[in-house]
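Please open the model in a viewer and keep the selection panel at hand. The stops below are meant to be followed in order.

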Amino acid sequence: MQTIISAAKIFHDEFILEKIIFYAILLYMRNKFLPFSRPSISEDDIAAVGDVLRSGWITTGTKTSEFEQKFCEYAGCRGAVALMSATAGMHLLLHALDIGPGDEVITPSMTWVSTVNLIVLAGAMPVFADIDRDTLMVSADSVRECITDRTRLIIPVHFAGAAADMDPLCELAAEENIFLAEDAAHALGTEYKGEKIGRKGTAIFSFHPIKNITTGEGGMFCSDDPKLLERIRRLKFHGLGADSYDRDTQGRSPQAEVLEPGYKYNMTDIAAVLGLKQLERLDKFNRRRTELALHYRKQLSGIAEILPLSDPPYHIKHSRHLFIVRLDIEKAGMTRETFMKELKQRNIGTGIHFLAAHVQKYYRETPGIKAGTLPYTEWNSERICSLPLFPEMTERDADDVAEAIRDVLKGKP
Ligand SMILES: *Cc1c(COP(=O)(O)O)cnc(C)c1O
């Protein structure tokens, strides 16, 4: 690109210069924007949603129960409750555990802010555990340092589609008698030591459109604790004692009454049927994501300024939810923000997963929240960048991303 521009300058002719630059752009730059994520929606998905819309029952009903059941079969979990979002699941969990003023919840600051917001809204205090520099996940050691006699809950995040090291984390939680709930928003199809995430313990999944399967918006609360499941099922719909849908009358059970005040976080059948259809293709999506991620690894391996995440040292099956790289800002001589802006100008979309919670305005300025520093969290928060990754992308698209990255870094001062 640079060579062609300098060649064009020799002509001292604006018209020719313009033409040459135009063709150079056509040659070197993709002319269609590549988003960093896009859901895979088939005609079959659309038809299934259409059928529900025409059926006369569009809110929580048989499709939602079927989705819960199929999800349990897939992940091997004892029970699952379909919700409006993963955030709703986290909210219900905090409520069910009666977490409030005086309580502390351990979570990474490198997470989606919904978790931290909910902890604060419940009147409790988030306590941030630092993460591994290259997997972005908390460890039993980093969590142990944060435990006090006020700690009520630990929320590790399975990051980017890999699994956190659950054995030592569960051991620690059991030893200290603290509840542990996995943020499994990135972990649809992920396995830890041969077992699907969700099979044991309590895990919350998300079906937001960027996740590995989608229901538009949605979440799944999974647990092996039947009492907790029953409580979540009740709390998700006004605290009613029975599920609202009655198969026989095709309507609301008339005898349902409030057992405790609850929320309204139930999934609709419109969303659930999309989830059912998507779940059938989850393994296929994840295989495609894996191919693309490995292709990226190869294409990016020669670029010194780009540091991909590492896979954890223990045995996992990765669902490749995100392809995250870290920009070596010292070597690159530019900020991550400039890097992302330059990529956007080359029609490449990127994302940040995530900006650490404790560096954001509210949490920065709220006294008592930031205890000490989180070196690896902060280091990554300034450098991470998610590259485009979704099943319908091609290897050619990934090549364009690598090419655009090279071009951006070549232009460095
Ligand atoms: C997406 C996400 C959530 C929230 O999921 P929603 O369904 O949007 O509420 C929570 N945690 C992490 C790590 C996420 O990526």
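The tour begins at the ligand and then turns to the nonpolar core.

This is a predicted model, in which local features need pLDDT of at least 70 and side-chain atom pairs count only at pLDDT 80 or more, while totals for chains, interfaces and linings use all residues. Residues are numbered from 1 along each chain as its sequence is written, and side-chain values use heavy atoms, with hydrogens and water left out.

**The ligand**

Display Thr-87, where a polar side-chain atom lies 2.4 Å from an oxygen atom of the ligand. For Ser-206, the distance from a polar side-chain atom to a ligand oxygen is 2.7 Å. In Lys-211, a side-chain N or O atom is 3.1 Å from an oxygen atom of the ligand. The protein buries 92% of the 380 Å² that the ligand exposes when taken alone (Shrake-Rupley method, 1.4 Å probe).

**The nonpolar core**

Next, select Phe-71, Phe-159, Phe-205 and Met-220, which have the most contacts inside the largest nonpolar core, a set of 60 residues. Such a core joins buried Ala, Val, Leu, Ile, Met, Phe, Trp, Tyr and Cys residues through side-chain atoms within 4.5 Å, where buried means under 20% relative accessible area (1.4 Å probe, protein chains only).

Which helix gives the most to this core? Colour H10 (269–300): H10 contributes 6 residues, the most to this core. Among the other elements that give two or more residues are helix H4 (62–75) and strand E8 (202–206) (DSSP runs, at least four residues for helices and at least two for strands).

Definitions and conventions:
A polar contact is a pair of N or O atoms within 3.5 Å; within protein, one must be able to donate a hydrogen and the other to accept it, and residues adjacent in sequence count only if both atoms are side-chain atoms. Buried means under 20% relative accessible area, exposed over 50%, partly exposed in between (1.4 Å probe, protein chains only).
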